[in-house]
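Dear colleague,

I am handing over the structure below for your attention. Please look through it first; a summary of what was found follows it.

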Amino acid sequence: MPPEMQATVPAYGGHLNRIAGVILGTAVGDALGLPREGMSPRRAARLYGNPPLRLRFLFGFGMVSDDTEHTCLVGQALLRSPDNTDSFLRSLGWGLRLWLLCLPAGIGRATLRAIIKLCVGFPLTKSGVWSAGNGPAMRAALLGVCLGHDLNKLRAFVRASTRVTHTDPWAESGALLVALAAHHGAERGPARIDAPTFLRDVKQNVDVDAELTGILDKMEEHARRNAPAVDLAHALGLQRGVTGYIYHTVPLALYCWLRSPGDFRQAVEEVIALGGDTDTTGAIVGGIAGATVGASGIPGEWIDGIREWPCSVAWMRRLAERLARQFPGDGHGASEGPLRFFWPGQAGRNLVFLAIVLAHAARRWASLALDPPYDCSFFTPRRKRCV
């Protein structure tokens, strides 16, 4: 465990370790998947190699994208408004507005449209757009670890976090699945995770439609055979990569976690190897696996390899410490409010990030002869577009 956390872990037991695991695990999965984002498994392997994975975004180091930043926005909103969903929603809404004004380089279409609506004056209840994209799922794991002891409250906060950008009920169901998985992992620990038990609990606690029921049945069938995740991906028709459709992203993320609940490295590497929306799938698996094994179970070289500012690893650890004091595990502690964050610095950071993204894009264009590019627009049904 990092030295700067050792002094605080005894005061909050393992709960700080789990909350830090969600935030840092999300960042690590995001950073590992970011260079491969939008690529087929074969093409990504040719450009970046097969597992074991290492950070490759910036000269052997990693940076994070919107997946990690949204998780931190949720954490800040929880610190400002731990009990009231309306107040939480207002806090998250202002965070999303400020985040967009800093000109992030990567953002899903549905999320972009929703935040633009917020910025031009639409109320929070009218900002969301009809989309079953995976945006809400990428920021849900932290809600599960902080609020999972109260299922009704967790549902309300997940609904608020989802509908501010995505109004499709499927998006909310997918986000709730991620939150429940993070809570399940944090409460049970890696030794007590059982795929059939978790999937049965999900069917009891989530309003599942016919499509999701069929997918959960496929997951249970593959779990009984301990089949690799690539087999489930092929069964869902995702040979060229996991799309941003929430009923593609979330089931495969959960399956990779359930296959290796005590092995953070294996779970994250397996989902990233599937290709497609790898920064988001890596972030979701990283958050859930981090909640399960704690920050101390995340490979240290991956955490140390992230180069970020002002949302640095040290800042994320301070956020985790404050959340652990606010949410000690079975109720509420003393409220300290959100951490200070230097938003002007985030705008400058995003310009650097954009330049690096363009350099990666140039490398991809130069390598197009290896394999046709992955393109989520191939999934033409409106609900299944990568938004």
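**Helices H3 and H16**

The axes of helix H3 (residues 14-33) and helix H16 (residues 264-272) come within 10 Å and cross at roughly 40°. Please bear in mind that the model is a predicted one. Two packed helices are described by the angle between their axes and the distance between the axes. Angles under 35 degrees count as roughly parallel and those of 65 to 115 as roughly perpendicular; H3 and H16 are therefore oblique to each other. The crossing in which H3 passes H16 is right-handed.

On the side of H3, the contact is made by Gly25, Val28, Gly29, Leu32 and Gly33. On the side of H16, Phe264, Val268 and Ile272 take part.

**Cysteines**

How many disulfides does the structure hold? The number is zero. A disulfide is a covalent bond between the sulfur atoms of two cysteines, and the cut-off applied to a pair of sulfur atoms is 2.5 Å. Two cysteines illustrate the result.

For cysteine 119, the closest cysteine sulfur belongs to cysteine 102, and because the separation is 11 Å, it is too far for a bond. Cysteine 119 has a relative accessibility of 35% and so counts as partly exposed.

For cysteine 311, the closest cysteine sulfur is that of cysteine 72, at 3.8 Å, which is also too far for a bond. Is cysteine 311 buried or exposed? Its relative accessibility is 4%, so cysteine 311 counts as buried; the cut-off for buried is under 20%.

**Helix H20**

Leucine 354 is located in helix H20, which spans residues 343-366. With a relative accessible area of 36%, leucine 354 is partly exposed. Which distance separates the C-alpha atoms of leucine 354 and glycine 106? The value is 8.5 Å, although these two residues are 248 residues apart along the chain.

Valine 352 also lies in helix H20. The relative accessible area of valine 352 is 49%, so this residue is partly exposed, given that exposed means over 50%.

With kind regards

Key
Residues numbered from 1 in each chain as written. Predicted model: local features only at pLDDT ≥ 70, side-chain atom pairs only at ≥ 80, totals over all residues. Heavy atoms only, no water. Buried < 20%, exposed > 50% of the residue type's maximum accessible area, 1.4 Å probe, protein only. Axes fitted to C-alpha atoms, helices over the stretch in contact; angles between N-to-C directions. Helix = DSSP H or I, 4+ residues; strand = E, 2+ residues; numbered from the N terminus. Parallel < 35°, antiparallel > 145°, perpendicular 65-115°, else oblique. Left-handed = near helix turned anticlockwise from the far one by under 90°. Contact = heavy atoms within 4.5 Å.
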